[in-house]
Amino acid sequence: MSLPQRSSWQIMCDSIHALMLREVKTRFGSNRLGYFWAIAEPFAQATIMAAMFTAIGRNSLSGVPVAMFLISGILPFKMFSKLMPQLAASVSANKGLLGYRQVEPIDPLITRFIIEMVTFVIVYAITVSVLAWIGFEVMPENFSALVLITCLLSLLALGLGLLLCSATIYWEDTPKIVSILMMPMFLISGIFFSATMIPSQYWFLFDWNPIFHVIELSRDAYFQSYTTPVGDWKYVCFVVLCCLAAGLMTFQINRLKFITA
């Protein structure tokens, strides 16, 4: 009696499921505090910065409570800054598994993308719940716009991750360089300031950065009291489409090199 044939889609889903179990066990299973730190790190960072602003007499920024202002910037940036290096190293870290016929080079990348996005949603939900328990108003003004801009940010990270995957074939230290670049990006992406706090003649120093636009649009969607003067949906969509197109193209070109290199 012959076994039923699986479709390509079923094989891909099974491969991703197996890789996901392996990835979660490798990343979190060896450390009992692994899940805790994934949640505690962004929350602790926002708490420390909020305490610093409060200490110098700033209880609100651009009409938004300091804690909420910082959380609305730190959490999206943390997702982006963790997702890109994870995607960049996804294929090289699972290179030994590519010898199996069922595992395609794209499978480890999809696996890590799913894990990071699920982690982000859990961290966001827990952080907002804690702030609501403390007494903050945490319901976003425009929930659909907030979800849409977050999805665009994740697709931007995916496109760049695809590009970096290909770059890692030629230079294996690419993920390390990306991690180093995230620090200056943190300082210029509007995490602890907004466009309304910058004189308009200096906006050009920041508005080339799509992450700055994403965070501005996130705050615009989240808070009724904040309206971004520079956040541009068209610019974000254009950059996302360009990065996705370039990423998919280079990934397809280097598909065989992922296995043979």
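Ser90 counts as buried because its relative accessibility is 0% (buried means under 20% relative accessible area, with a 1.4 Å probe and protein chains only). Ser90 lies in helix H4 (residues 90-93); helices are DSSP runs of H or I with at least four residues, numbered from the N terminus. The model is predicted, with local features needing pLDDT of at least 70 and side-chain atom pairs pLDDT 80 or more, while totals for chains, interfaces and linings use all residues. Residues are numbered from 1 along each chain, and side-chain values use heavy atoms, without hydrogens and water.

**Ser90**
- The Ser90 side chain reaches the backbone oxygen of Leu87 at 2.7 Å.
- Leaving out residues up to four places away in sequence, Ser90 touches Pro108, Leu109, Arg112 and Cys165 (contact means heavy atoms within 4.5 Å).

**H3 with H6**
- Helix H3 (residues 66-88) packs on H6 at about 25°, with the axes 7 Å apart; axes are lines fitted to C-alpha atoms over the stretch in contact, and angles run from 0 to 180 degrees between N-to-C directions.
- H3 is therefore roughly parallel to H6 (angles under 35 degrees; over 145 is roughly antiparallel).
- Residues of H3 in this contact include Leu87 and Ala88, and those of H6 include Cys165 and Thr168.
- By class, this H3 contact with H6 has 14 nonpolar, 4 polar and no charged residues.

**H6 with H8**
- The axes of H6 (residues 143-170) and H8 (residues 210-222) come within 8 Å and cross at roughly 165°, so the two helices are roughly antiparallel.
- Among the H6 residues that meet H8 are Ile149 and Leu153, and Val214 and Leu217 are among their H8 counterparts.

Notes. Angles under 35 degrees count as roughly parallel, over 145 as roughly antiparallel, 65 to 115 as roughly perpendicular and the rest as oblique. Buried means under 20% relative accessible area, exposed over 50%, partly exposed in between (1.4 Å probe, protein chains only). A polar contact is a pair of N or O atoms within 3.5 Å; within protein, one must be able to donate a hydrogen and the other to accept it, and residues adjacent in sequence count only if both atoms are side-chain atoms. Ala, Val, Leu, Ile, Met, Phe, Trp, Tyr, Cys and Pro count as nonpolar, Asp, Glu, Lys and Arg as charged, and the others, Gly among them, as polar.
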